[in-house]
Amino acid sequence: RRGIRGNFVPPIKSNGNNTGNTTSRNAGKGDDSLDESTKKCLEFLCGPDGELPEKLRNLEPRLIEHVSNEIMDKAPNVHWDDIAGLQHAKRCVNEMVVFPLQRPDLFTGCRSPGRGLLLFGPPGTGKTMIGKAIAGEAKATFFYISASSLTSKWIGEGEKLVRALFGVASCRQPAVIFVDEIDSLLSQRKSDGEHESSRRLKTQFLIEMEGFEGVTEQILLIGATNRPQELDEAARRRLTKRLYIPLPSADARAWIARSLLEKDGLFNLSDKEMEIICNSTDGYSGSDMKNLVNDASMGPIREAIHQGIEITKLKKEDMRPITLQDFKNSLKEVRASVSPNELGNYEEWNKKFGSLA
Ligand code: ADP
């Protein structure tokens with residue numbers, strides 16, 4: 001059907017060569033305006049026929065390169081065992097994502113997996129870690145983008161970057177696209193105040209999501225948010241599974257602190273002392289625990305400096321271990337970052353829209 005641009009004649013006759021502004025079938029071969037790293041990146045994405053896949057044509061090479069170098073993480077090094085607690089989330093995610101990516105032949109028809117997963121909850125509770133672990137366990141390529149960077153850093157170019165992102169992901173299947181702060185992209189704030197460019201960006205994003213729903217493509221979209229109540233109905237409909245990622249339990253907090261210290265060979269606390277730390281950190285997120293451990297681990301160094309020992313003369317082997325008192329001091333510095341009344345909002349939203357245990 002002849003569209004509105006049916007009679008349009010481009011002012012410059014296209015000879016099919018890459019001009020450096022957009023990609024073409026031959027991926028810019030023989031185009032001197034592209035630098036070597038861009039050419040390499042495009043070549044890497046070419047199919048067995050040596051041609052650039054349809055989805056990546058007519059995009060700006062620099063955006064494809066940005067997606068490949070900055071957004072794509074070929075080998076995210078996180079596994080289920082690195083994540084404390086969250087058994088419900090792990091079970092759901094395995095069933096919904098990891099198994100279907102590992103055995104696509106089993107998960108067809110009624111068993112077809114959903115393509116969109118929402119992880120919501122307070123900040124610093126392991127949502128990004130789960131995204132990476134999914135990709136790690138399913139041996140999928142991981143793409144991480146913060147939605148707020150699309151609207152702030154990529155002003156006016158967000159749509160093109162979104163096309164490049166989904167285009168590259170479809171060439172690197174199985175793929176997991178993790179969109180952090182997805183609320184800033186798919187929020188329900190409406191028309192008047194909504195900027196034209198962010199409306200277009202949202203539309204483009206939803207179109208791309210439609211594109212891989214139901215098809216045999218192995219792409220999973222994970223959205224993460226601390227503000228699920230901002231998401232509109234269209235977003236909820238596409239993010240079929242919605243998992244609440246709560247603050248860590250006392251056991252999970254102990255596990256996080258212990259494993260961080262053990263990793264550095266610094267763990268030297270008794271069970272009783274660990275219990276005291278756990279009881280004093282009610283309401284701390286996983287990342288608060290990490291900050292607490294980091295601060296407490298400075299205790300021996302601070303003390304040595306206080307005693308007048310020069311940092312250049314401080315011998316590693318002479319340093320005392322980290323004690324409960326270090327944690328007690330740090331507890332005054334590192335406080336919980338999530339307020340208890342925020343938690344009520346998450347629980348309410350979870351009851352209404354979440355995939356409950
Ligand atoms: P979110 O995406 O929910 O804001 P992250 O996944 O980025 O949080 O977690 C931030 C950091 O906090 C992680 O790098 C990790 O050190 C720590 N952390 C948070 N939750 C957990 C958890 N459940 N198990 C282990 N570490 C955690």
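Reply: Let us begin with burial. A residue counts as buried if 20 or more other C-beta atoms lie within 10 Å of its own, as exposed if 12 or fewer do, and as partly exposed in between, with C-beta atoms placed from the backbone. Glu181 has 20 C-beta neighbours inside 10 Å, so it counts as buried. This is a predicted model, in which local features need pLDDT of at least 70 and side-chain atom pairs count only at pLDDT 80 or more, while totals for chains, interfaces and linings use all residues. Residues are numbered from 1 along each chain as its sequence is written.

Me: Where does Glu181 lie, and what is phi there?

Reply: Helices (H or I, at least four residues) and strands (E, at least two) are DSSP runs, numbered from the N terminus. Glu181 lies in the loop between S4 and helix H7 (196-212). Its phi is near 50°, a positive value in a residue other than glycine. Leu86 also has a positive phi without being glycine, near 55°. Leu86 is in the loop between S1 and H3, and it counts as buried because it has 26 C-beta neighbours inside 10 Å.

Me: Is Asp81 buried or exposed?

Reply: Asp81 counts as exposed because it has 8 C-beta neighbours inside 10 Å. Asp81 is in the loop between S1 and H3. Its C-alpha atom is separated by 29 Å from that of Val67, 14 residues apart along the chain. For the intermediate class, consider Asp295 in helix H11: with 18 other C-beta atoms within 10 Å, it is partly exposed. The C-alpha atoms of Asp295 and Ala250 are separated by 19 Å, and these residues are 45 apart along the chain.

Me: Which peptide bond is cis, and where is the proline found?

Reply: The cis peptide bond joins Gln173 and Pro174, with omega about -10°. Pro174 is found in the loop between helix H6 (158-171) and strand S4 (175-180).

Me: Why is S2 described as largely enclosed?

Reply: In a regular strand the side chains alternate between the two faces of the sheet. In strand S2 (residues 116-120), five of the five residues are buried, so the strand is largely enclosed by the rest of the structure. Both faces are covered: Gly116, Leu118 and Phe120 are buried on one side, and Leu117 and Leu119 on the other.

Me: How is the packing of two helices described, and what is the case for H3 and H4?

Reply: Two packed helices are described by the angle between their axes and the distance between the axes. Axes are lines fitted to C-alpha atoms, for helices over the stretch in contact, and angles run from 0 to 180 degrees between N-to-C directions. The axes of helix H3 (residues 87-102) and H4 come within 11 Å and cross at roughly 45°. H3 is therefore oblique to H4; angles under 35 degrees count as roughly parallel, over 145 as roughly antiparallel, 65 to 115 as roughly perpendicular and the rest as oblique.

Me: Which residues come nearest to the ligand?

Reply: A residue is near a molecule or strand if its C-beta atom, placed from the backbone, lies within 6 Å of it. Of the 18 residues around the ligand, Gly126, Lys127, Thr128, Gly286 and Ser287 come nearest. The elements that give two or more residues to this shell are helix H4 (127-137), helix H9 (250-263) and helix H11 (286-296).
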